[in-house]
Amino acid sequence: MKFHPEKLRISDQRMKPFIDAEEIWGYIHQSAPGKNRILEIVAKSLEKNRLTLEETAVLINANDPELVEEIKQGAKSLKEKVYGQRIVLFAPLYVGNLCINNCTYCGYKTSNQHMKRITLTHDELVNQVKTLEDTGQKRLILVFGEHPKYDANFIADSVRTVYSVKSGPGEIRRVNINAAPLDIDGFRIVRDAKIGTYQIFQETYHEGTYWKVHMGGIKRNYEWRLTALDRAQEAGIDDVGIGALFGLYDWRFEVMGLLRHTNHFEACYNVGPHTISFPRIQFASELNIDKNHLVSDYDFTRLVAILRLAVPYTGLILTARESSAIRDEILQFGVSQIDGGTNIEMGGYANKKENEKQDIDFEQFQINDNRSLNEIMEELIDHKYIPSFCTSCYRSGRTGEHFMEFSVPGFIKRFCQPNAMLTLAEYLEDYAPAETKAKGEKLLEEKLGEMEENGFKEKLKEKLRLVKDGKRDLYF
Ligand code: SF4
Ligand code: SF4
């Protein structure tokens, strides 16, 4: 891993740290809001406007359960008004768990002598991808520890390998990355491998806490990490994902940090992050962290609703760290992506049967939703969501996709929903057991029934017929 701390002294203002703890606390410590102010702010968000730091702090300070309910209802309305009924599915794939860092909250920390260290070989990676394709996955996020072995060329090679694997009708159509910060040249190398989103989570935006929980390695440098995605932008990767690990510090500060990071990107690059992730530490009994900041289910659902309203056009990713009950509740607030059939054990997809209990010694953290991809598909279908593997914007050169779906009138109707239906139809033909297939086909009929009779609906019906006849990868 190349580390160039001198680049932190770059004269470019965009590369300067932008989190001001005093400013954030100043907003949080403002006086408690009244109901009218909350309703005003929710209404602003429902008009598709991003909230300011001050407005977001007002929502954070609404502690009265009745006001919290107003916020949750606002997030639900936004979801219904803007995003419709489709949920994009993906799977994480751990490529290597070597790591030189010592993050107190992570099983892969370098001081963990019990951790078996594995880097998938080319053939093992191919096998993992084949196994994932055989369950119907189309979108992956490759996850790497931070280690000199996982340099930009290694990451780019892994991406190219994944794209090259075809198993039966299966293929991976979008590869996202979760890996260490690179320098600008490194990001360029990874960009050229045609990655989707490059995700780097700050973990905590609070610098003092950051120092406490990152005990060694490159990751100890708060600023190198904070400005990482600015370097990605400089290298031409404008599709970036940010995130915070909730439970390390006060959740209110982290929500404000995520928002500050978002408006930094908007100010400097005219585009916000593509996605925001909000993993939460839950099983902290064996972790060497301050337990005072663990986030309850009540506050967690509340903070997701606040985030939804604060950044109405940014994709929100919920992961299998959460139980299915929490996932089901939060889906109603406008989460746009979830992982399905997740196995975070190194080499776990090809070596273990789905649903088998995973061995904690080999994992970075524990997951709480062990359902297979098909079980998740079926559950989504039962709740009238359309599970989607759509990658059409990315592959047709429609960039800024989340912004378009949000801001271009009719975009969801014209693109997202029909493409979700086409990818669901593919899944039903190629991978679904009979019961799921019957439920999925019924849902497709219902969704077609809700559409206006016009030429576009006829085109969609024709494409759905072609999928039944064996054509694949059809989209608008
Ligand atoms: Fe390494 Fe990432 Fe785990 Fe930290 S969180 S120890 S950087 S794998
Ligand atoms: Fe995303 Fe574009 Fe597909 Fe909509 S049509 S789900 S914005 S890729």
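Residues are numbered from 1 along each chain as its sequence is written, and chains are lettered from A and ligands numbered from 1 in the order in which they are written. In this predicted model, local features need pLDDT of at least 70, side-chain atom pairs count only at pLDDT 80 or more, and totals for chains, interfaces and linings use all residues, while side-chain values use heavy atoms, with hydrogens and water left out.

**Domains**

The chain is divided into domain 1 (81-404) and domain 2 (410-468), with bounds from an automatic or database domain assignment. Their C-alpha centres lie 28 Å apart. In the contact between them, 29 residues of domain 1 meet 23 residues of domain 2; contact means heavy atoms within 4.5 Å. The two domains bury about 2200 Å² between them, 62% of it on carbon and sulfur atoms. Buried area is the accessible area (1.4 Å probe) that two parts lose on being put together, summed over both.

**Helix pairs**

Two packed helices are described by the angle between their axes and the distance between the axes. Helices here are DSSP runs (H or I, at least four residues), numbered from the N terminus. Axes are lines fitted to C-alpha atoms over the stretch in contact, and angles run from 0 to 180 degrees between N-to-C directions.

| Pair | Angle | Axis distance |
|---|---|---|
| Helix 6 (residues 152-164) and helix 7 (residues 184-191) | about 10 degrees | 8 Å |
| Helix 3 (residues 53-60) and helix 11 (residues 251-269) | roughly 155 degrees | within 10 Å |
| Helix 19 (residues 434-450) and helix 20 (residues 455-468) | roughly 165 degrees | within 11 Å |

Helix 6 and helix 7 pack at an angle of about 10 degrees, so helix 6 is roughly parallel (under 35 degrees) to helix 7. Their crossing is right-handed, meaning that the near helix is turned clockwise from the far one by less than a right angle. Ala152, Asn153, Ile155 and Ala156 of helix 6 touch Gly186, Ile189 and Val190 of helix 7. This contact has 5 nonpolar, 2 polar and no charged residues. Ala, Val, Leu, Ile, Met, Phe, Trp, Tyr, Cys and Pro count as nonpolar, Asp, Glu, Lys and Arg as charged, and the others, Gly among them, as polar.

Helix 3 and helix 11 are roughly antiparallel (over 145 degrees), and their crossing is right-handed. Leu53, Thr56, Ala57 and Ile60 in helix 3 meet residues of helix 11 including Trp251, Met256 and Asn263. By class, the contact has 7 nonpolar, 2 polar and 2 charged residues.

Helix 19 and helix 20 cross at roughly 165 degrees, which makes helix 19 roughly antiparallel to helix 20. Lys437, Glu441, Leu448 and Gly449 of helix 19 contact Lys457, Leu460, Lys461, Leu464 and Lys468 of helix 20. These divide into 3 nonpolar, 1 polar and 5 charged residues.

Note on methods
Helix = DSSP H or I, 4+ residues; strand = E, 2+ residues; numbered from the N terminus. Parallel < 35°, antiparallel > 145°, perpendicular 65-115°, else oblique.
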